[in-house]
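The notes follow in the order in which I checked them.

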Amino acid sequence: MPGRLDPKPIPRRDFLGLAGLWSAAIAIVGSVAGMAQLPKPRVLPEAAGTVKVGPATAYPAGTVKVFTDHRIRVIATDQGVAAMSLICTHLGCVVAEGPDGFHCPCHGSRFDAQGRVLGGPAPRALHWLPISRAADGSLLVDTKGDVPPGTFYEV
C-alpha cells in the first residue's frame with residue numbers, strides 16, 4: 001500500500017526518454033572537450049638552445065647516437081659529424097626511426113634517412129642543426145639553429 005511520502009513511479013517511456021537525453025548530453029560534452037584539445041601541439045619545443053653531446057673522439061665514422069631527451073640524432077661519417085632534429089615539421093611530434101627513414105606517429109608524415117619529406121602533411125624536411133665545439137672540446141648542437149641538409153662539422 002503506497003504511502004503519501006512514497007515517490008510516484010516513473011513510467012517506462014519517460015525513464016527511457018530521460019536516459020536517452022542524458023546519454024546524448026554526455027556524448028556532446030565529451031566530443032567538445034576532445035575537439036578543444038586538437039589545436040594544441042603534442043610536443044612543445046624546449047627552451048634550451050644548445051646541447052652538449054660529448055667529446056669529438058666519441059664520434060668515429062659510422063657512429064649514430066640518438067638523444068631522446070633533446071630529440072636530436074647525431075651521425076658521424078667520413079665527412080664529419082652532423083645533427084638532425086627528430087621533431088616533425090608539421091605539428092612538432094617526435095618522429096620515429098624506421099628501416100627506411102623516419103615516420104611521424106601523429107599524422108603519418110614520412111621522411112627518408114636524410115630527413116627529406118617522402119609523404120604526409122609535413123611541409124618541410126627535418127631540420128639539420130649546426131654543430132660547434134665548446135672550450136672543453138665537447139661538441140655542441142644548437143637546437144634552435146638550422147643549416148642546409150648535408151652540412152657536416154669537420155672534427
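I looked up Arg73 in this predicted model and found a relative accessibility of 12%. Arg73 therefore counts as buried, as the value is under 20%.

I then examined the partner of Arg73. The side chains of Arg73 and Glu97 meet in a salt bridge, at 3.0 Å from N to O. This pair links distant parts of the chain: Arg73 lies in strand 3 (residues 72-77) and Glu97 in strand 5, 24 residues apart. For Glu97 I noted a relative accessible area of 45%, so Glu97 is partly exposed.

I next followed strand 5 into its sheet. Strands 5-6-7-8, in that order, form an open sheet with antiparallel pairing. Strand 5 (96-98) and strand 8 (117-119) stand at the edges; each has a single partner strand, so one side of each lacks a neighbour in the sheet. Between strand 7 (residues 110-111) and strand 8 I recorded two bridges. Gly119 in strand 8 is the bridge partner of Arg110.

I searched the whole structure for salt bridges, and the search gave three. One of them joins the side chains of Lys52 and Asp136, at 3.2 Å from N to O. Lys52 is in strand 1 (residues 50-55), whereas Asp136 is in the loop between strand 10 (131-133) and strand 11 (138-142), 84 residues apart. Both Lys52 and Asp136 are exposed.

I also checked Arg116 and Asp112, whose side chains meet in a salt bridge of 2.8 Å, N to O. Arg116 is partly exposed at 49% relative accessible area, while Asp112 counts as buried at 13%.

Technical notes. Residues numbered from 1 in each chain as written. Predicted model: local features only at pLDDT ≥ 70, side-chain atom pairs only at ≥ 80, totals over all residues. Heavy atoms only, no water. Pairing = 2+ DSSP bridges. Helix = DSSP H or I, 4+ residues; strand = E, 2+ residues; numbered from the N terminus. Salt bridge = Lys/Arg side-chain N within 4 Å of Asp/Glu carboxyl O. Buried < 20%, exposed > 50% of the residue type's maximum accessible area, 1.4 Å probe, protein only.
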